[in-house]
Amino acid sequence: MAGSMTQLNNGITLFFSLLVEAMPFLLIGVLFSSVLLLFVDEQKLLAIMPKNVVLAALAGSLIGFMFPVCECGNIPVARRLLMKGAPSAVAIGFLLAAPTVNPVVFWATWIAFRDQPEIVFLRVGFTLIVAVTIALIFSAQDDMRPFLQDNLTRMMGEPESSAAADPEVSPLLKSGTFLMQSPGQLLQLDAPPAQVLAQVAVAPPPLGTRLQMMVDNMVLELRELGAVLVIGSAIAALVQVAVPREIILGLGQGPVTSILAMMALAWVVSICSTVDAFFALSFASTFTSGALLAFLVFGPMIDLKNISLLLTVFKGRAIVYLFALAAQLIFLLTLIMNLYTS
Amino acid sequence: MARRRSRRPQSSRLAQPLDRVALMVMAGLSLALGLLILSGDHATARVRDFSWQDRQVGAEDRAFLITFSRPMDVASVEQNLTADPPLPGKVSWAGRRMAYTLTAPLPYGESFTVSLEGARDRYGANADRPGHFEPFEATFQTRQRAFLYIGTTGDEANRLVLADVARQERTILTPKTLSVLAFEPYPLGDKVLFSASDTSQQDGSLLNQQIYTVTTGITPRPPVDFTRDRPPFWQQVLPPRPPVPSGELSLILDNQNYQNLKFDLSPDGQTIVVQRVNQQDPADFGPWLVRPGESPRPIETEPGGDFLIAPDSQSLLLLQGQGTAIIDLGDDVSRGPRQPLDFLPNYGRVLDMAADGSAAAMVNFNQDDPEKRFTESLFLVTNQGREEELLQVNGAILEAAFDPTQPVLYVLASELIDPADSLEEPILQATDAYVEQPLLLAIALTSGEVSPLLRLPQQQPIHLSVAPDGRALLLDLAGADTGAGAPEAPKIWYLPVVHQATQAASPAAESPAAKSQPAESPAAESPETKGPGAKTSPLESADASPASDPAATSEPAVTPPTLAAPEEFPFSGIQATWLP
């Protein structure tokens, strides 16, 4: 009885510490995202995308520097990019790299691993390698529609027409009630005024209104992502209480198994990329740099929490490819690191 | 999951280009991974970082860190870690970092080698295979054993001199035109703050002293303080500054409008407090605050007398009226007069404070107690509010200094004695009934035990300085009055300290001799009997005894230390003070 009370106490402590740690980062992310929603024209952003596939994949991976979102926030943006007719290399690169390759995560990792600066740079480097490679593999497919969910493909329309579509066609970011205005153009009824206006307005509203809408959008996104964060923190706390660290340590005794253990941990814990560096830091004492990097690179790409979000965009087959390729590439890179350097 | 998917037959559903490319890449990666795992572990564990690597450590540095490249087998590291000379200490681990905390302060002027061979990483230890470990060896040094004094004879007269004990070198730091009055070394020993009057000027009198710094030519290489923030990245990349030659002078505070009377340098080297008086208006008198990059400004408080900056460098102990006020030296000092943080009414003098700020040695002149009149008491006042009388003398308490490494206080005090009672020949013609006999005492602060170390000749002033590693004292005595003409030049004595705990390990026969001999030595031996040959040897023989004791690991000494044979330096000077 006393033991379970202690466990409950530990769990609550862990839960709140994760939450408190993550909240400021989430707030920054929401602020940036709202600014971008209302003050940056995505069309112009897409127009400057390079045509070369490799460069496009790299550019997509680096968009994160302008959209500092964690893995909870990047899926809607990637979806919007796909629907806007962006090359799949750009969208996949962004999807996989943006949660890691962005200033907030870079800074947080730097704070956590200040005495091992190579972890910070290798995290970014490995993420870029993996994201660009997978983006190139996905660009083998010119027409992504067989791998996207049906409702998404319906909204995109024919590939030719989607490329030449009216630039005012707005992305559909969230589930909700929709109004079909014209073929391929939808209006979400329960969206906040900011997003509705951003979708329908031809001329941008005055600055005061836009600021007001930005605040509204921030509140909305904070509520939405905050809920995800609370659940994520709860899962992380639960896993750490229910699965004692000894079990994970037992999995990861060797240079090979430690990587697998940390990847499994990253997948289960689903911790937000803005704070996972601090989480990983608590394992820095017992795991190799390679295993830590596997956690830090794999966690933000694919985890338990965002598989459900990914299912709103991709069909299962594509998610399996994403998951398997990412896991294998990261395993390969960190294994080389563990076995040959150290 | 990937395997299951890839084992599926290639149906028409998987005919998309992405399916083919993805499955091919996944198969290739699986193959590469399999080969990689079969090839085995080729990594070599190594030491990533040693926090004292090629650094110069001082008495305040008590722990170093070794960071490994991967998690290590703790036992294999602890068993194989060696140091030459041995470093007694304790090991603690935080992940891949090992902290080694020394139990005894290191002797100055030595070089240490730390090496580690045959350690294993944690994976190797579990798999029972020979671990790969890159043998590690690093060296670090302790700071020089050196002291400063103001010369009195020949070329050195009134100039600041740096004496290196190990190399037996002396360097004159200040120019001939400056007559040095007082000085204080900076915490790393790279600079000295001093006050001097310019004898080349018309008004080069003692009252016109200005405050300068001069470089010693020592380039400090302190270990990185891992409790503080790291320096910015660009500072780590930039090459270190070239060493500064000795004798580079810079003026800190001039004497325009104000006379500088006394100064103190804070232990962190960032704050100087100077007692100044307006040349036109003697009522405009009080302490000023001088900080680098700021213009000097007066501290708005009641005028006071003697003062001392506390070890935290944030507060000033200032004699005011009949007691000692503690004044905050924080940032808003200039905002109007401030109330003291605390006031200790009974104590008319603060002699020294322990380096950790936990206790101060203060003098009570016993003005309130008629029975104790004409006596002085030495009190230990702790920051817990405890006040303990350590010593009461009917003469005067001249100086006190905490041992930086042991709970021991060294005291210079004088007792009134009747020369007729003294066993010695009366040195002064006894026109007065009593003379003051100065004594050097050591007080063990844990037990309060007082042990007299030396009876000193009856010449004053006497100055005492405790070495930063606690292994020697410096004592300078005014020269004996020969009766005919000028007095002898002042002498500097080197007194090696033998702590009881360490003495147990050294040959037992030495201890009574060591105790009895020095009690007479400086007084009995007249300076004339010392030949020049005898004067050069003392440094080595004195140096050997404290450095050779390996037993510093035992319990801290509760009994006061004793002195080994004192030695006299072959030069004369005053205010001999160890470099920190």
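This is a predicted model: local features need pLDDT of at least 70, side-chain atom pairs count only at pLDDT 80 or more; totals for chains, interfaces and linings use all residues.
Reader: Why are H5(A) and H7(A) called roughly antiparallel to each other?

Author: The axes of H5(A), residues 88–97, and H7(A), residues 117–138, cross at roughly 150° and come within 8 Å. Angles over 145 degrees count as roughly antiparallel, and therefore H5(A) and H7(A) are given that description. The crossing in which H5(A) passes H7(A) is right-handed.

Reader: What is known about how H3(A) passes H5(A)?

Author: The crossing of H3(A) with H5(A) is right-handed, and the axes of H3(A), residues 53–62, and H5(A) come within 7 Å and cross at roughly 35°. On the H3(A) side the contact includes A:Val53, A:Ala56 and A:Leu58, and on the H5(A) side it includes A:Ile92, A:Gly93 and A:Phe94. The residues of this contact divide into eleven nonpolar, three polar and no charged.

Reader: What makes A:Leu325 count as buried or exposed?

Author: A residue is buried if 20 or more other C-beta atoms lie within 10 Å of its own, and A:Leu325 counts as buried because it has 23 C-beta neighbours inside 10 Å. This residue is found in helix H17 of chain A, which covers residues 316–340.

Reader: Which residues does A:Leu325 touch, not counting residues up to four places away in sequence?

Author: With those set aside, A:Leu325 touches A:Ile134 and A:Ile137 in chain A, and B:Ala22, B:Val25 and B:Met26 in chain B. A:Leu325 and A:Thr133 are 192 residues apart in sequence, yet they are 9.0 Å apart in space, C-alpha to C-alpha.

Reader: How many residues of chain B are in contact with chain A, and which helix gives the largest share?

Author: On the chain B side 31 residues are in contact with 31 residues of chain A. Helix H1 (2–7), helix H2 (17–39) and helix H4 (122–127) of chain B each supply at least two residues of the side that touches chain A, and the largest share, twelve residues, comes from H2(B). By class, this side of chain B has 19 nonpolar, seven polar and five charged residues.

Reader: Why does B:Pro296 count as partly exposed?

Author: The label partly exposed belongs to counts between the limits of 12 or fewer for exposed and 20 or more for buried, and B:Pro296 counts as partly exposed because it has 16 C-beta neighbours inside 10 Å. B:Pro296 lies in the loop between strand E18 (285–290) and strand E19 (297–298) of chain B. Not counting residues up to four places away in sequence, B:Pro296 touches B:Leu253, B:Trp288, B:Leu289 and B:Val290.

Reader: Which residues have the most contacts inside the largest nonpolar core?

Author: The largest nonpolar core has 94 residues, and those with the most contacts inside it are B:Leu160, B:Leu409, B:Tyr410, B:Val411, B:Ile443 and B:Leu473. Apart from this core lies another, of 92 residues, among them A:Ala291, A:Leu292, A:Met301 and A:Leu333.

Key
Residues are numbered from 1 along each chain as its sequence is written. Chains are lettered from A and ligands numbered from 1 in the order in which they are written. Helices (H or I, at least four residues) and strands (E, at least two) are DSSP runs, numbered from the N terminus. Two residues are in contact if their C-beta atoms, placed from the backbone, lie within 7 Å. A nonpolar core is a set of buried Ala, Val, Leu, Ile, Met, Phe, Trp, Tyr and Cys residues joined through C-beta atoms within 7 Å. Ala, Val, Leu, Ile, Met, Phe, Trp, Tyr, Cys and Pro count as nonpolar, Asp, Glu, Lys and Arg as charged, and the others, Gly among them, as polar. Axes are lines fitted to C-alpha atoms, for helices over the stretch in contact, and angles run from 0 to 180 degrees between N-to-C directions. Angles under 35 degrees count as roughly parallel, over 145 as roughly antiparallel, 65 to 115 as roughly perpendicular and the rest as oblique. A crossing is left-handed if the near helix is turned anticlockwise from the far one by less than a right angle, and right-handed if clockwise.
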